[in-house]
Amino acid sequence: MTKIWRETGFVENDPWVIESEEVKATEEQKPLLSLDALITKAEESNDVGLGVLIKPADDVTKLEPYLDRLAIVAVAFPAFSDGRAFSHASLLRQRLGFTNELRAVGDVLIDQIPLMLRVGIDSFAVTNETALKRLSENRLPGIPHYYQPTAKPAEGGEAYSWRRQAAKTA
């Protein structure tokens, strides 16, 4: 069972659904379109409040002309070993200036959530039992020091790592 989690807790009645052969969006739900389907829909209509699913091989920069029409971008993590969605999230937040919801979908594991938060992902479609249990207990693993500035500033620092700050004072 998939649950949507944000830093404020689990979300009830999330309208977004990834359509497949077996699953189609109902009238109360909204589909997360593939990149190509989104571009086609955006060029054929003036719809706003759209959602898109970015797969690892997709070129996220193709979203730039449509970002103001997107309510959500979901980035896919198909496997633990595939981190391309981290790069997609970072590009969306830092270079393209996307400010709406950015969701991790797929193989979302508890150990990766703090790193996903750092690159600007703010909601998570979680199916992993361990992750669901730890999130329901508000037990998010912490990482005390960071080496790079990211979309979400480190606590007590201005988007610079403790290492860079230490180098400035030396």
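Predicted model: local features only at pLDDT ≥ 70, side-chain atom pairs only at ≥ 80, totals over all residues.
The structure holds 2 aromatic pairs, and F77 and F86 form one that is edge-to-face, with 5.1 Å from centre to centre and 80° between the planes.

## The pair of W5 and F124

The structure's 2 aromatic pairs also include W5 with F124, whose ring centres are 5.7 Å apart and whose planes meet at 45°, so that this pair is described as tilted. Since W5 belongs to strand β1 (residues 3-6) and F124 to strand β8 (residues 123-126), the pair ties together parts of the chain that are 119 residues apart in sequence. Both W5 and F124 are buried.

## A lysine over a ring

Another ring, that of F10, has a charged residue as its neighbour: K3 lies over the face of F10, at 5.4 Å from the ring centre.

## H88 in helix α2

H88 is placed in helix α2, which covers residues 84-95. With a relative accessibility of 8%, H88 counts as buried. When its neighbours within four places in sequence are left aside, H88 is in contact with I54, K55, P56, D58, V60 and V75.

Technical notes:
Residues numbered from 1 in each chain as written. Heavy atoms only, no water. Helix = DSSP H or I, 4+ residues; strand = E, 2+ residues; numbered from the N terminus. Buried < 20%, exposed > 50% of the residue type's maximum accessible area, 1.4 Å probe, protein only. Contact = heavy atoms within 4.5 Å. Phe/Tyr/Trp six-rings, centres within 6.5 Å; stacked < 30°, edge-to-face > 60°. Lys NZ or Arg CZ within 6 Å of the ring centre and 35° of its normal.
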